[in-house]
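Here is a quick tour of the model below, starting inside one chain and then moving out to the contact between chains. Keep the structure open as you read.

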Amino acid sequence: MKVRVRKVNPVKALFKTGGGVMRHTIQVTVNGQTHQVEVESRMLLVELIRDVLGLTGTHVGCDTSQCGACTVHVNGEAVKSCTMFAVQADGCEITTIEGLAQDGQLHPLQEGFWQEHGLQCGFCTPGIIMAAADLLKRNPNPSEDEIRHALEGNYCRCTGYHNIVRAIQYAAARMRGEAVVPRGEAAPTGAS
Amino acid sequence: MEARSYIGVPVRRVEDRRFVTGQGRYTDDIVLPGMLYAWIVRSPHAHARIRAIHTEKARQHPGVVAVFTGKDMLDDGVGSLPTGWQIGSDMKEPPHYALAVDKVRYVGDGVAVVIAETKAAARDAADLVEVDYEELPAVVDAAEALKEGAPLVHDEAPGNLCYVWELGDREATDRALATAHHITKLEFVNQRLIPNAIEPRSAIGHYDPGRDELTLYTSSQNPHLIRLLLSAFVLKVPEHKVRVISPDVGGGFGSKIFHYPEEVICAWSSRKLGRPVKWTAARSESFMSDAHGRDHITTAEMGFDRDGRIVGLRVRTIANLGAYLSTFAPGVPTWLYGTLLAGQYKTPHIHVEVKGVFTNTTPVDAYRGAGRPEATYVVERLVDLAAHEMGIDPAELRRRNFIQPDEFPYQTPVVLQYDSGNYEGALNKVLEMADYEKLRAEQKRAREEGRLIGIGLSCYIEACGLAPSKVAGAIGVRAGLYESAAIRVMPTGKVQVFTGTHSHGQGHETTFAQIVAHELGIPLEDVEVVHGDTAEIPFGMGTYGSRSLATGGSAIYRALEKIKAKARKIAAHKLEVAEEDLEFRNGQFIVKGTDRAIGFGDIALTAYVPHDYPDDLEPGLEENAFYDPANFTFPFGAHLSVVEVDPDTGKVKLLRYLAVDDVGRIINPMIVEGQIHGGVAQGVGQALLEGAVYDRSSGQLLTGSFLDYALPRADDLPSFEVGHQETPCPHNPLGAKGAGEAGTIAATACVVNAVIDALYHLGVRDLPMPLTPERVWRAMRGLPTDGAAS
Ligand code: FES
Ligand code: FES
């Protein structure tokens, strides 16, 4: 995780107040929009995103940094936003699931998850899509094993991951400019 | 133009646009003006008397609005959370208050709630609530709890016994086993699981004093049930003044069926304070406070004759119910378990006895499959082990015992009458998909090279589509289990469908819309499915037990029949012909043998602008239906898994997983496959990874976070190979049976059977789940596996 931390050393700030209510003004650009906000030193980035900025597409599924439901991009890299203090994001560019579609066009991953039934309840989905976007940037043609490995930090309890793998493969092909034929609507879907 | 068919088609899900763009709306996403935040103070002890609770310091903390205890709620007349299932007249039902009053009975039992302007303030102040506990000895293991002198969880339940339940013919079974040629016996634990939907539970109470109306937003699988329990039993406020909304819900798997203390706390405290109150579980609270699943200790014996035919099955189970009776807890290890012990086989005599036991642990209730995975585990482990012991191929032993397709309806010795099935057909299909002969040959070759490959089978049956209400009543369910639907056609021909079921991942907004679009011959885009809000939908029983399509879908179908009947009257009037002269095709009523026709849209408009209209007909086009199923549905299937065990580390790798399921008629194969995948993953999780562990002396939950409780991750699983067989259910109009639990029911036994198959020649005939590398490694070396906790 490469994150530029400006002005404030959050750990020091936290100790200075004994975990109390010291506040900082930070500036973050989220999905292209710049915000100046005052935050408590202990506020997590995910709390800033959800509770202050009202972007509720980023979810919280755990309190031990394991589930990945909170994954966003900070300066272009996937970060679990529950593992970072809001003050650490000062000066950063953040992309959340709400900022992924461009000009009304779904991102290929969003399309892939939709086409390949990569989601059921949808709760893990934003985090998994953001993690997968990071993977595809680093590895445009991942194997199934590489995809499964890259998803180690994300839990999905609904899908058994099978269709998540298909969805990411679908998006990867699309992003490589290959023609993708979604499973025909009337096509038999039997053994896959 | 032919209207398109929507049945059996993998239509992409209508609901997905909002989920892939981050526009889903889960309970915790909802912010109301003036909202307050609740944090629950939970017991750190498994068993303790509450001497006193000091709340002054917490109250004085900045931002805190109120601190309430169990006594405050009791004094205000708030009742106990009731259980909805009675097992026998003697069942012990000790009270379960939303916040503990006299004693705490498990780690995580709520003792007080702090309500503040921010979540952070509530959480900070919760640390300032001082509870004076007198610690008591605790018991977490159900067998221990039954012993003389065990700590007593409830004074009302001597010996910690909630009930003893039995089913089947004891004497006949004993006789059959006494003369059996071979008996296979297993003693095992079906370990406790923690469901762990990825969305933590959440609730918002919102009392509007001006209207005297209470709205509860809650991550629930069945909003009407919650409204009924809350209004009639717990808060005792008029039902029509309570509205329950279950918005998008991030997975349930059973754990969000039940009426939970936090729902009561938010609803009640919002009435007290006149402001909305929100609570959302931290994951560590989910681990402690979501109802757990399974937790059986079982001894089971299956007898065979010389030819390998099953002659009898005797099962003794001790079921851990936890500290209090959750909403459906008593019925899960009894009726949903004992009645499935015939499996797919012609077992002539079965007797099962179950003791339901209180312990100092989190309440246990339905978790995906609910009783049926436990039953399948008993039957399929025994059959598989017997095959090894008797030297018969496990597929062949099953074949010798299957109920045959021409034997339906089939009456089992444990109440159920199976309606239809082709068990051997499913087994043959999965063996063919796997190329079983070749697999066995490869296994043999691998073994010669020192590699441990195992092949496991699991042939399961489940009873779904809960349930005929008469039967439900006869077996102690304190509710009817019909389902409801309403269809509202709008003047422009667009259609809203209101269902009493609830979708939390199952895709009802799509599947149900497919049924409606298909039946009315209109585009899918013209149909909207509404669920989850008691102010909008007719009284429904919600979603669990793989019931939504079989019961809720059938209710929709019935309502559509009424719509079509009325539309036909309007069409006959407009076309000036007799109703019998019309046929309904492609969304049009056509005068038979002519090209005269009127479309559904014109009929809808006529119904709402009835200028030219039959005299004896009411305007409007809106119909309700309640559907009470004639029987359970009986999905079944055959699964096969292939594993490799690392001889050096004991690690099990799942190489292949194949499933052939017969879930009846399929509306959307893509969604059905998704349900199978997810179900299988959870079943594999129980076999290899998951297990809740309590410390036996302190009663602490040792697996209280994702760090200690292993959910399956993407690289723990292979891709699945899924095939279908379609035997329509004969007694509901859709022919549907249900697909939500099948994978979980089959997979656990399937994978354990594969691992034992890999190790049997080393003298390993059984292993405690989860099959962690350490346990497998020890077993291979003849070392004891007990105590080798995960
Ligand atoms: S909420 Fe961030 S990893 Fe779970
Ligand atoms: S879709 Fe429900 S957790 Fe992944």
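This is a predicted model: local features need pLDDT of at least 70, side-chain atom pairs count only at pLDDT 80 or more; totals for chains, interfaces and linings use all residues.

On the side of domain 1 of chain A that touches domain 2 of chain A, strand S3 (71-74) and strand S4 (77-80) of chain A each put in at least two residues. Sorted by class, that side of domain 1 of chain A has six nonpolar, ten polar and two charged residues. As for salt bridges across this interface, the count is zero.

Where do the two domains run? Domain 1 of chain A covers 22-99 and domain 2 covers 108-178. Their centres, taken over C-alpha atoms, sit 22 Å apart. In the contact itself, 18 residues of domain 1 of chain A meet 14 residues of domain 2 of chain A. Together the two domains bury about 1,200 Å², with carbon and sulfur atoms giving 59% of that area. Three residues stand out here: His59(A), His73(A) and Ile97(A) supply 39% of what domain 1 of chain A buries against domain 2 of chain A, more than any other three residues.

## Where chain B meets chain A

Now for the contact between the chains. It draws 59 residues from chain B and 55 residues from chain A, and the buried area comes to about 4,900 Å², 51% of it from carbon and sulfur atoms. Between chain B and chain A there are four salt bridges. One of them pairs Asp29(B) with Arg50(A), whose closest N and O atoms are 2.8 Å apart.

Polar contacts between chain B and chain A number 29 residue pairs, both members at pLDDT 80 or more. Several elements of chain B each give at least two residues to the side that touches chain A, among them helix H1 (16-20), helix H4 (119-126) and strand S28 (720-724). H19(B) makes the largest share of that side, with ten residues. By class, the side of chain B that touches chain A splits into 29 nonpolar, 16 polar and 14 charged residues.

Look next at the loop between strand S11 (242-245) and helix H8 (261-273) of chain B, where you'll find Lys256(B).

The side chain of Lys256(B) reaches the backbone oxygen of Glu199(B) at 2.8 Å. Leaving out residues up to four places away in sequence, Lys256(B) touches a set of residues including Arg201(B), Ser219(B), Gln221(B), Asn222(B) and Val249(B).

Most residues other than glycine have a negative phi, and most peptide bonds are trans. Tyr161(A) has a positive phi of about 70° without being a glycine. Tyr161(A) lies in the loop between helix H5 (144-150) and helix H6 (162-175) of chain A and is buried, at 1% relative accessible area. Val415(B), also not a glycine, has a positive phi of about 80°; at 46% relative accessibility, Val415(B) is partly exposed.

Chain B has cis peptide bonds to check as well. One joins Phe408(B) and Pro409(B), with omega about -5°, and Pro409(B) sits in the loop between helix H12 (394-401) and strand S16 (410-411) of chain B. Another runs from Leu466(B) to Ala467(B), with omega near -10°. Ala467(B) belongs to the loop between strand S18 (452-461) and helix H15 (469-474) of chain B.

Definitions and conventions. Residues are numbered from 1 along each chain as its sequence is written. Chains are lettered from A and ligands numbered from 1 in the order in which they are written. Side-chain values use heavy atoms; hydrogens and water are left out. Helices (H or I, at least four residues) and strands (E, at least two) are DSSP runs, numbered from the N terminus. Buried means under 20% relative accessible area, exposed over 50%, partly exposed in between (1.4 Å probe, protein chains only). Domain bounds come from an automatic or database domain assignment. Contact means heavy atoms within 4.5 Å. Buried area is the accessible area (1.4 Å probe) that two parts lose on being put together, summed over both. A salt bridge is a side-chain nitrogen of Lys or Arg within 4 Å of a carboxyl oxygen of Asp or Glu. Ala, Val, Leu, Ile, Met, Phe, Trp, Tyr, Cys and Pro count as nonpolar, Asp, Glu, Lys and Arg as charged, and the others, Gly among them, as polar. A polar contact is a pair of N or O atoms within 3.5 Å; within protein, one must be able to donate a hydrogen and the other to accept it, and residues adjacent in sequence count only if both atoms are side-chain atoms.
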